[in-house]
Amino acid sequence: MTRYILRRIVSSIFVLLVIVTASLWLTRQAPSNPCQKEKEANTCACMKTFKLDRPTFPVWFGQAVDPVEGCQFWEPESSFSLGPINMVGLSDWGDTQYFLYMEQLVQGDLGPSMRNQNRTVNELLGQALPYTLQLGFQALLLAIIIGIPAGMFAGLKQNTAADYTTMTVAMVGVAVPNFVLGPILILLFAKGQQGLGWFDPGGWDTFKDSILPTITLALYYAAYIARLTRGGILEMVRKDFVRTARAKGLKESTVVTRHTLKGTILPVVSYLGPAFAAMLTGSVVVEQIFNLPGIGTYFVESALNRDYNMVIGAVIIYSSLLVALNFVVDIAYTMIDPRVDYEDR
Amino acid sequence: MNDRKRQTDGKPEGWDRADLVEGTSLWQDAFRRLIKNQAAMTGLIIVVLMGLAAILYEPISMYGTNFRLDEQHQFISAKPPGARSVPFYYYDLMDPTGEAAFDAVDEDGNGQITSREIEQFYREYEFDIIDTDGDGKLSFSEFVAAPLSRPSSLENLPSCDVWDIKKQNAAPLERRKLFMCDAGEDGYMTLRETGDVVALVNPSEASTILRFLDDNDDGALTSEEYAGLPVPETNWLGTDGLGRDVLTRLIYGARISLAVGLLAAFVSFVIGVSWGATAGFLGGTVDNIMMRIVDTMYGLPFMILVILLMSVFGQSLLLLFVAIGAIRWLTMARIVRGQVISLKEQEFVEAAETIGVSKTGIIFKHLIPNALGPIIVYTTLMVPSVMLAEAFLSFLGLGIRAPYTSWGLMASEGRQMMGSAPWVILASGGALAVTLLSLNFLGDGLRDALDPQTED
C-alpha cells in the first residue's frame, strides 16, 4: 500500500509537470501576447518586466521571441543553432522563461498577473478558489444524495411505473446540458424574469445564491449516478449471497443496506473521480452563466486576454484538484473493496 | 449426425430443404432485438430526420423556411414564434394583379413605387391578417393575438403621455390601458393607429427589398419593372435579436453539430482502435507502456486544455474536430484492448489457427467481428458526448463563429436575450437535448441488442 501511494505521488507530480509544460508552451503559441495592447512605448518595458524577451524553452525552432523595434532583448551568453533548431547554452538554461517559471512554482508562487496591475495570481485565484471548491463539492454532494437513493429506488422496484418515471427523468437529466439548464432555471426562478423570482440571478453573497448554480451543475451527475446505481442494484439482487441472506430470513432493509449496497456503490465510487473532473470543467460554464467570481471566470477571461500567468495558474489549480481527488477516490476504493490489490497496479 | 447421413444417402422420404432451420448470426439476432426496442428505434428515426434536415439545409432554406442563415430582419426586439418577416433572397412574388397590383401599391399614383410605399403596403398586408374579423379596425383581443404584440412585464404602467415617448423603442405591449392610449374613442385601432404591431418591414428593410427588385437601380419601381412584391413568410420558431430566423439557423446548426459529433467521434475511433488494438496484439512491455500512457492521460483535465487550445488557436473548424476527438479516445483504447486480449485466448481463435486460417483471416473473420459490438456501442454513445463538448466550447465563444452557427452558439446567444426572447435558448437547447436523448437511447438499445446478457 505504501509503495502504491508513493508511486501514485510520483506519477501525479509527473502529470502536473506535463500539464505545466504543455500549457506554458500553448500560451506562448498564441498570436498575441499580454504586452501587445499596451502603448507602443511600453511594449518593450512590459515584455522585460514579465521576462517575455527571452526564449520560452532552452530549445526552439525558428525565432525565439518576436522582436520589438528599438528594444534590447535578453541575449544568452552562449547559444547554438543546428539548422532550424536553436539552443541556449546550458549555463543560461535557468534564465529561460520555462525554468524561471518552474523556480517560482516550486516556491508556491504563481507569479504576477499580467493584466491586473499589481495583483498576483496567488491573490486573485486565492479569492476565487473557495467559490469554485464550494460549488464543486456542493454539486458532488447533491448528485450523490439524489442519485444513489433514486437509483436504488428504481432498481428495487424494477419494471414498475416508479422505475420508469425515475429513469425517464434521469435520461432527460443526462440529455439537458448545464448551459441550457442554467438559463432555464434563471428564467423560472430568478428575480427580474417572468418566473417565480425566488433567487438573485447572479453573484454570490449568501448560501442562497449558490443554490441555482449547484443544481445546474449537479443534475447531470445525479442522473448519471442514478443510472449507475440502478444497474448495480439489478446486478447485485441476482447474486447468490443476496438470495442466501433473504433465505435465512433477514429483513429486506438489512439485505439492502448490508449486502447489496456495498457492491452497488463500487461503480459509483469509481465514477466520482471522472465526475469531479467533469464538474470542474462544467463549473467554468456555470460560473459564467451565474456570474460567479470563481476560477473558471478568470480562466476563460485570461485565456482570451493572454494573461499567461493567470491561465497557467488556473490550469495548475484545476489539475491539482483533479489529481488529488482521483487519488482519494482510488484509496477509498481499496477501503470499500478489499479485493482490489494495488501491488499489481 | 442423423441429418447428415440422410443427406448423403440421397433425398429421404418427406424431407424438404425448407424444413432446415436457418441459423441466425449474431448480427441478425441483434438487429431483430434492436427493431423491437421502441425507444431505440424512435431515437434512430429522430437522428435520421435531423441528419436529413442537416444535409438538406440549402433546399429547406430556399423552399421551406424561405430564410437564409445570416439574413437579418430588424424589428424593435426579437420576433416571437409565428411572426412574419419578408424574405430578401428566397421569396415568392405575390400575384401582381389582385391586392398587390401596381396601382394598389403605388398609392400616390405617380407611376413609381418607392420604399415608403412598400413599407406602407406591408403594413396594410399585416393589418388585414391580424384583423381577423375583417371589419377594418383592430379590437383589443385582435391586438393581443397579433404575433408582434408582447405581454407587458411592467409593474407600473406609464401614463399615455409617457407611453407616447416610450413606445418609440419598445415592442407593442398588450395591456388594455396602453392599447386605449393609442386607440380611438370607439376602443378600436385603425391602420394608422396600430403603430409597430403591423411593422413587417422597417424603412431600411423596405429599401433593401426595393433594391433587390429594382432592375435599373434608380431607387423606384416602375410598372415595367414591377412583378409583385415578396410574400411575407412565417418565422415558425421566431427570430433572434438580429432578426435571423431561428428555425433556419437551427437546421444549419444541426449540420455543424452533427458533423462535429460524427467527425470527432471518427477521430477518437481511429486513434482509440489503433492504440488499443496495437497494445492488445503486441502485449508484454509495449502493452504495459501504452496503457500506462493512457492511465496517465486519464488524469489530465482535458477539457481545460482544450479550452486553452481553442482560445489560443481559435476559429479553426479542423482543430475543433481534432481537439475534441483527441480527448475521447482513451476509453475506446481501453475497451478495444480488453476485447482483443480476451478474444485472442478464445477457443474459436485457437480452432481457426489449428485448421490453418491465416493471421489476416483470423483478424478479419474472427477478431474484428466479435470485438465490433462494444466498439459500435461505445462510438454511438460517444457521438452525443462529443456534440456536447462542441456545444460547450461554442457556448463559451471558443468554437463555431459567425456567420456559421451551431446549437451551442445559439444557446449562448439565446442566453443573453433570455428575458426578451426565451424561444431562442429553448429551441436550441431543446434541439440539443432531443438529439442527445435520441442518441443515448439508440446507444443503449444497441448495447442491449448486441449483448443479450444485459437483457433483464
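In this predicted model, the side chains of B:Asp444 and B:Arg447 meet in a salt bridge, with 2.9 Å from N to O; the term stands for a side-chain nitrogen of Lys or Arg within 4 Å of a carboxyl oxygen of Asp or Glu. Both residues belong to helix H19 (residues 422-450) of chain B, where they are 3 residues apart, about one turn of the helix. Helices are DSSP runs of H or I with at least four residues, numbered from the N terminus. Residues are numbered from 1 along each chain as its sequence is written, and chains are lettered from A in the order in which they are written. Local features need pLDDT of at least 70 and side-chain atom pairs count only at pLDDT 80 or more, while totals for chains, interfaces and linings use all residues, and side-chain values use heavy atoms, without hydrogens and water.

**Salt bridges**

- B:Asp444 counts as buried at 14% relative accessibility, whereas B:Arg447 is partly exposed at 36%; buried means under 20% relative accessible area, exposed over 50%, and partly exposed in between, with a 1.4 Å probe and protein chains only.
- Over all chains, the structure holds 18 salt bridges.
- Another salt bridge joins the side chains of A:Asp163 and A:Arg230 at 2.9 Å, N to O.
- Because A:Asp163 lies in helix H5 (residues 161-175) of chain A and A:Arg230 in helix H7 (residues 211-236) of chain A, this pair ties together parts that are 67 residues apart in sequence.
- A:Asp163 is buried, at 0% relative accessibility, and A:Arg230 also counts as buried, at 16%.

**Cavities**

- A search of the whole structure finds 2 cavities of 30 Å³ or more; a cavity is a set of points on a 1 Å grid over the protein atoms alone where a 1.4 Å probe fits but cannot get out, and lining residues have an atom within 4 Å of a point.
- The largest cavity holds about 50 Å³ of space, a volume being the space filled by probe spheres set on the grid points, which are joined across faces, edges and corners.
- Helix H10 (residues 295-305) of chain A gives the largest share of the lining of the largest cavity, 4 residues.
- The second largest cavity has a volume of about 40 Å³, and its lining includes A:Thr27, A:Arg306, B:Leu308 and B:Val312.

Notes
1 Å grid on protein atoms, 1.4 Å probe; cavity = no way out; pocket = protein on both sides within 12 Å on 5 of 7 lines; lining within 4 Å. Helix = DSSP H or I, 4+ residues; strand = E, 2+ residues; numbered from the N terminus.
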